[in-house]
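Let's take a walk through this structure together. Have the sequence and the 3D view side by side as you read.

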Amino acid sequence: MSELKKKKFERKISLTKDARDGILSFCKMNHPNEGILILRGKSKHGDVYIDELVVPPFSETGADFAGFPHNPLPLDLSYVGIVHSHPSGTAKPSLTDLDNFFGLVSIIVKSPYEDDDIFAWDSDGRELPLVII
Ligand SMILES: [Zn+2]
C-alpha cells in the first residue's frame, strides 16, 4: 500500500533531445561561469515534459551562483522550472539553489556538460528520474 502511494507521487522529467543539446551547448558557452535558462513545457499529474528553453530576462551569472534573485520571473504557466550549470563539477543542488527553487523541477548540469552530466532535482533536493525523448 505504501509502495503504491509512493509511486503515485513520483515525478518524472522528460526532456526532448533538442532541449538537452541546447542546454549542454549553453552551459559550455558560459563556462567557467554558471549559465541559467528557464525550462518551458507542460506538466501533467506530476510528470513534467520540457521542450523549450528561455533565456531569463534579467539573469546575473557568476562563478558561484546563477540566478535572478531580485527579479521575479513573469508568471507563465508554461515555465516548469530552471536549469543551471555547475562549473565546479558537482551536480548536487546547493542551499542557494534550493532557496531559489522555481517551478516543478531544477535541472543541474555539471562540468564538462556531456550527455551524462545532467540531473533533475525536486524542491527538497531529491533526484528525479530524467528521461531524454
Ligand atoms: Zn547551483
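**A walk through the sheet and its helix**

Start with strand 2 (36-44) and strand 6 (79-86): they pair in the antiparallel sense over five bridges. Two strands count as paired here if DSSP finds at least two bridges between them. One spot to look at is I36, which stands opposite H84 in strand 6.

Before going further, a word on what you're looking at. This is a predicted model, in which local features need pLDDT of at least 70 and side-chain atom pairs count only at pLDDT 80 or more, while totals for chains, interfaces and linings use all residues. Residues are numbered from 1 along each chain as its sequence is written.

Now the overall plan. The protein chain has three helices and 10 strands, and from the N terminus on the elements run α-β-α-β-β-β-β-β-α-β-β-β-β. Helices (H or I, at least four residues) and strands (E, at least two) are DSSP runs, numbered from the N terminus. Contacts reach across the sequence: among those between residues at least 6 apart, 63% join residues at least 24 apart. A contact means that two C-beta atoms, placed from the backbone, lie within 7 Å.

Eight strands form an open sheet in the order 9-8-7-6-2-3-1-10, with mixed pairing. The edges are strand 9 (127-128) and strand 10 (130-132), each of which pairs on one side only. Strands of a sheet pair through backbone hydrogen bonds, either parallel or antiparallel. Strand 2 also pairs with strand 3, in the antiparallel sense and over seven bridges; G41, for instance, has I50 in strand 3 as its bridge partner. Helix 2 packs on the sheet, touching strand 1, strand 2, strand 3, strand 6, strand 7, strand 8 and strand 10. The direction of helix 2 makes about 50° with that of strand 3, where axes are lines fitted to C-alpha atoms (for helices over the stretch in contact) and angles run from 0 to 180 degrees between N-to-C directions.

Buried means 20 or more other C-beta atoms within 10 Å of a residue's own, exposed means 12 or fewer, and partly exposed is in between, with C-beta atoms placed from the backbone. Across the 133 residues of the protein chain, 29% are buried.

Which residues of helix 2 are buried? They are A19, R20, I23, F26 and C27. Seen down the helix axis, these buried residues fall within an arc of 130°, so they line one face of helix 2; the arc is that of the directions from the helix axis to the C-beta atoms. The face turned away from that buried side carries the exposed residues K17, D18, S25 and M29.

I23 is also part of the largest nonpolar core, which has 24 residues. A nonpolar core is a set of buried Ala, Val, Leu, Ile, Met, Phe, Trp, Tyr and Cys residues joined through C-beta atoms within 7 Å. The members touching the most other members are I23, L37, L39, V105, I107 and V109. Take V105: leaving aside neighbours within four places in sequence, V105 is in contact with I13, L39, V48, V80, G81, A120, D122 and L128.

Most residues other than glycine have a negative phi, and most peptide bonds are trans. A cis peptide bond joins S111 and P112, with omega about 10°, and P112 lies in the loop between strand 7 and strand 8. The C-alpha atom of P112 is separated by 7.6 Å from that of P87, 25 residues apart along the chain. Y113, in the loop between strand 7 and strand 8, has a positive phi near 65° and is buried, with 21 other C-beta atoms within 10 Å. H45 also has a positive phi, near 50°, but sits in the loop between strand 2 and strand 3 and counts as exposed, because H45 has 8 C-beta neighbours inside 10 Å.
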